[in-house]
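Take a look at the sequence and the structure, then try each task before reading its solution.

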Amino acid sequence: MMAPTTSYCIIGAGPAGLCTAKQALAFDSSASVTVFEQTNNIGGLWAFTEHCGKDSNGIDITSMYANLRTNLVKQGMGYPDYPVDEETSTFITIKDVEKLLNGYIDKFDLKKVIKFEHQVVNVSRNFGIDQWDVLIKDLKNNRYTMHQFDFVFVCNGHYSSSVIPSFQGKEQFCGQQLHSKDYRRSENYLNKCVLVIGGGHSGVDIAPDIAVGADKVVLSHRCKIPVHTGDRVIQKPEVLHLTETGAKFVDGTEEDFDVIIYCTGYRYSMPFLSVDCGVSLSENAINPLYYHCININQPTMAFIGLPFNACLMLMMDLQARFCLQFFSTQKQLPSRQEMLEAWQLDQNERKERFLLGKLSHMLAGDLQQRYYDDLARIASIEPLKPVLSKMHADCISSKNEDVNFRNYEYRVIDDENFTKVKI
């Protein structure tokens, strides 16, 4: 009698879902792998579109903007078995990322396992058959079906739910308001006065991008020192409240604006998980997870791509291989108590380093390489070379000091060392 085929449900066909599908098939070519993607394309927010708002099925559209160049070195953007083209510059464009992901699914023939325009509505534990019940909505045909899977990988990314602060006067402001997920092209703001709210990655990128053709760009943020945005961008402290024509700031000054762009980030959103899944989502942290991926209470579920300040696709691929070592029974998963103890140790260290709440999954400083090394050691899998996290750390440091940080090329010398040359 043949052994039953192992079945994997993968939620999302972004960078995390794609490498998880590829690795699941690599671990077991006979496995049944299904990727459910609610849009009509791969890539998540890396799938560029001019459209904003909602798509034809009523799904929120999230996309990067047209002339984006990544703020991470390309060596961390590719996969171990499918790196970014060596001929491209260190800081690649959104078109380069799209090319990478499309090439990846072609090389590993992944399209055959992706169900586009299929939304995961609910995931719950079927204790009677020791599997997961996954309720799916076929968006095109408005039809619901129930599926059963042995394992579930949640790969729906960081950017599914935008955060917009509720300022007093927000409803009275007469101009345009949008979140950065709906920002596409700087040309749309020619000769306009624009307020960009938020001093994180997107705000620091978008403000100088708009400033080239806008009449005025103000970046409002809570950082105690100015961020590096070039001399075209005026920096202001936090917004106190909005007015009909603009904003008043906490320093008492007031300015008029045509447009307000909220670069105020995202929160994790997994509304499809039922309470019996055994994890909680609070303060943008998902707990308890074994090494930020395996669900300790229901260890046939994993989350890929939660940690940030990381070598993006490389880390996702490493996490997928880590989980599959256990899910495929090539390694025995530690006991629940052992996993809880490992999680609690991590929580204790993070508390000492003020890395709880929304920073619970941040790989700050030395935590990044240590995390990669721990995953590789515990699961007996190929590790990530230390030079990659070193380049990543140098890039982040440069970004905080120089608005022109992309004017450098990074090259790997060996497993530990790299060069950085101004171009």
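Helices (H or I, at least four residues) and strands (E, at least two) are DSSP runs, numbered from the N terminus. This is a predicted model, in which local features need pLDDT of at least 70, side-chain atom pairs count only at pLDDT 80 or more, and totals for chains, interfaces and linings use all residues. Residues are numbered from 1 along each chain as its sequence is written, and side-chain values use heavy atoms, with hydrogens and water left out.

**Exercise 1.** Describe helix α2, its buried residues and what follows the helix.

*Solution.* Start with the length: α2 covers residues 94-107, which is 14 residues. From first to last C-alpha it reaches 20 Å, close to the 20 Å expected at 1.5 Å a residue (the expected span is 1.5 Å times one less than the number of residues). Next, look for buried residues, meaning those under 20% relative accessible area, with exposed over 50% and partly exposed in between (1.4 Å probe, protein chains only). In α2 these include Ile 94, Val 97, Leu 100 and Leu 101. The buried residues of α2 pack against α1 (15-27) and α4 (312-327), where contact means heavy atoms within 4.5 Å. Finally, Asp 109 follows α2 and has a positive phi, near 55°.

**Exercise 2.** Work out how α4 and α6 are arranged.

*Solution.* Their axes come within 9 Å and cross at roughly 25°. Axes are lines fitted to C-alpha atoms, for helices over the stretch in contact, and angles run from 0 to 180 degrees between N-to-C directions. The angle therefore makes α4 roughly parallel to α6 (under 35 degrees; over 145 is roughly antiparallel, 65 to 115 roughly perpendicular and the rest oblique). Among the contacting residues are Phe 322 of α4 and Tyr 371 of α6.

**Exercise 3.** Find the strand order of the open sheet, then follow the pairing of β5 with β6.

*Solution.* The sheet has 3 strands in the order β4-β5-β6, with antiparallel pairing; two strands pair if DSSP finds at least two bridges between them. The edge strands are β4 (118-126) and β6, each pairing on one side only. From one strand to the next, the twist averages 20°. Now zoom in: 7 bridges join β5 (residues 131-138) to β6 (residues 143-149). Val 134 stands opposite His 147, and Leu 135 opposite Met 146. The hairpin has 4 residues between these strands, and Asn 142 takes a positive phi near 50°.

**Exercise 4.** Is Ser 397 buried, partly exposed or exposed?

*Solution.* Locate Ser 397 in helix α7 (residues 386-401). Its relative accessibility is 34%, so Ser 397 counts as partly exposed.
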